[in-house]
Each structure stands twice: as C-alpha cells, then as structure tokens.
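Subject: Structure for you to look at

Hello,

Here is the structure I promised to pass on. Please open it beside this message, and then read on for what turned up in it.

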Amino acid sequence: MATNGAKRARILGVPVDMVTRAEAMEIFTGLMGAAGCSLVVTPNSEIVLAASKDSELKTLIESAGLIIPDGVGLVYASRILKKPLVERVTGIDFLSDVLAYLQDAGKSAYFLGSKPGVAELAAENMKAKYPNIDIAGHHHGYFGKADEKAVVDEINRSGAQFLCTAMGSPKQEMFVYDHREELANVRAAMGVGGSLDVWAGNLKRAPEFYQKHGLEWLYRLLQEPSRIKRMLKLPLFMVKVLFSRGVWSG
C-alpha cells in the first residue's frame, strides 16, 4: 500500500498507483492540504522502461505523492501481469480536474516550461476557460542549471501552490525533485509534458476516436514524425513485460 492510501502496482519494478481519475483527484486534494512539496508523476511505457534501468529515475518515482497510470501500454502490461490497473488516467484530463479544483478552492498555479511565449499563451487560454483561476506566473523552459535558483525564487515570489513543469521527462520531474525543499509555497508539482503546447494551441490533442482507443500516441506521431525512435521503445517495453514476473504490493 502506498503512503497515499492507494494500492500500488509494480511494472518492471517501477511503482504505479492503481487509481481511477476520481481517486487520483481525491489523493491530489489531500496533497494540496499537506505540508511540503509533493511530486505528481504520470508515467507511460517509455518512462517505466527508462526507470527500470535508471535507479535515480526510479527513486524519483518512488518518492512521488501520486503516480498516475497515463500510458495505455501500462494498462496492457498490467493485464498481462494478471493485476489489471483500474483505468488509464491521462495527464491532460487529470489536469483539467486540477485546474477546476484550483479555481473552486482559490488556489494558484504557476506554468513553467516549453518555448518562450508558450506558457504565457497557455495561461491566457486557461484564464479564458476558467475565469476565476489564479495563474500566479509563468516562465519558459529554456534555462540552464545555473539559472534554476532564479527560477525557483520567481516561483516562490509568485506564491503559487501548484506547479506545472513542461520540459520533457525526466527533466521536468527532476527539476521538482531537486528543488522540492526550496519550493516554499508549492504543495504539489506535476510534469505535464506537452500540455502547455496543447493549451497554447500549438499542438492539437488527438480526436476522441484516438483517445477512446488508446491511440493518442499514433496521432502524436503523425503530427511529429521525429518521435518514431521513441515510439519504437513500446514493443521493447511489452517484450520485457512478457518476460517479467511482476511484483505487486497491496
């Protein structure tokens, strides 16, 4: 059992919370009311495969307050291992629930990542969708290690309680993990991948057909053919799952 109360599965030794979207949101609201900065991660097959070979990344995921089963490959893998995940919880759908919660609870968010101008445009569009939400600040993701302290200071000055990081995995999660003790007001931080680009209108989300059939990866590949090398890791992941025994914790 995970510390957040959820039943936690292990796929290739990497933990994933067995939660529905509603259960994930319940855990999230608990994190927002607790002390410290909790990390929310949304692993897919590629991330789990990487973490199974990278002890630092696996430790980071182990430390998370909430581990959402984002990738459809994880759902298939869990079925192969005879311990099926309840459902796939996509990061961007979960974020919609988060933003609605922040608006209703009067809590603020900070958007960090993507190319210059993207986080700002994403903030403007989300303010239009959620008129009463407080986007306390935003900053692009094109900064070096030497600039991280200044970025953390800016986030702290904003007073934001929720932090979105969109710098690609695992960099976006590592940023939070490395600075979790310094983020004074942030109660939960989540790596959001390409969500800021979707919110900014620079990247189209897959149509409903692709979403329902777990084919968002294919739609993304059609938009960005350069992702083909990353997509080829999915068959390797499934082969490794087939040859693994799987360890599950109750």
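A contact here means heavy atoms within 4.5 Å. Helices (H or I, at least four residues) and strands (E, at least two) are DSSP runs, numbered from the N terminus. Please keep in mind that this is a predicted model, in which local features need pLDDT of at least 70 and side-chain atom pairs count only at pLDDT 80 or more, while totals for chains, interfaces and linings use all residues. Residues are numbered from 1 along each chain as its sequence is written, and side-chain values use heavy atoms, with hydrogens and water left out.

Let me begin with helix H13 (residues 233–242), where Phe237, Met238 and Val241 are buried; that word means under 20% relative accessible area, with exposed over 50% and partly exposed in between (1.4 Å probe, protein chains only). These residues sit on the same side of H13 because they cover an arc of only 95° around the axis, the arc being that of the directions from the helix axis to the C-beta atoms. Among the elements that cover the buried residues of H13 are E1, helix H2 (45–51) and helix H4 (72–80).

Strand E1 (residues 8–11) points Arg8 and Arg10 one way and Ala9 and Ile11 the other, and all are buried. E1 runs antiparallel to E2, joined by 4 bridges; two strands count as paired if DSSP finds at least two bridges between them. Ile11 stands opposite Val14 in E2. The two strands make a hairpin with 2 residues between them, and Leu12 in the turn has a positive phi of about 55°.

Now to the interior. A nonpolar core is a set of buried Ala, Val, Leu, Ile, Met, Phe, Trp, Tyr and Cys residues joined through side-chain atoms within 4.5 Å. The largest has 41 residues, and Ile11, Ile61 and Phe237 are among those with the most contacts inside it. A second, separate core of 38 residues includes Met32, Val118, Met126 and Tyr130. Leaving aside residues up to four places away in sequence, Ile61 touches Val14, Pro15, Val41, Ile47, Ala51 and Ile67.

There is also an open sheet of 6 strands with parallel pairing, in the order E4-E3-E8-E7-E5-E6. Strands E4 (66–67) and E6 (134–139) are at the edges, each pairing on one side only. Strand E3 (residues 38–41) pairs with E4 over 2 bridges, and Val40 stands opposite Leu66 in E4. Helix H6 (residues 118–129) lies across strand E5 (108–113) and E6, running at about 165° to E6. Helix H7 (residues 148–158) lies across E5, E6 and strand E7 (162–166), at about 160° to E5. For these angles, axes are lines fitted to C-alpha atoms, for helices over the stretch in contact, and angles run from 0 to 180 degrees between N-to-C directions.

How many disulfides are there? A search of the whole structure finds 0, taking a disulfide as a pair of cysteine sulfur atoms within 2.5 Å. The sulfur of Cys37 is 12 Å from the closest cysteine sulfur, in Cys164, so it is too far for a bond. Cys37 counts as buried at 15% relative accessibility, and Cys164 does at 0%.

Lastly, Thr20 is found in the loop between strand E2 (14–17) and helix H1 (21–32). Thr20 is buried, with a relative accessible area of 18%, and touches Val86, Glu87 and Val89, not counting residues up to four places away in sequence.

Best wishes
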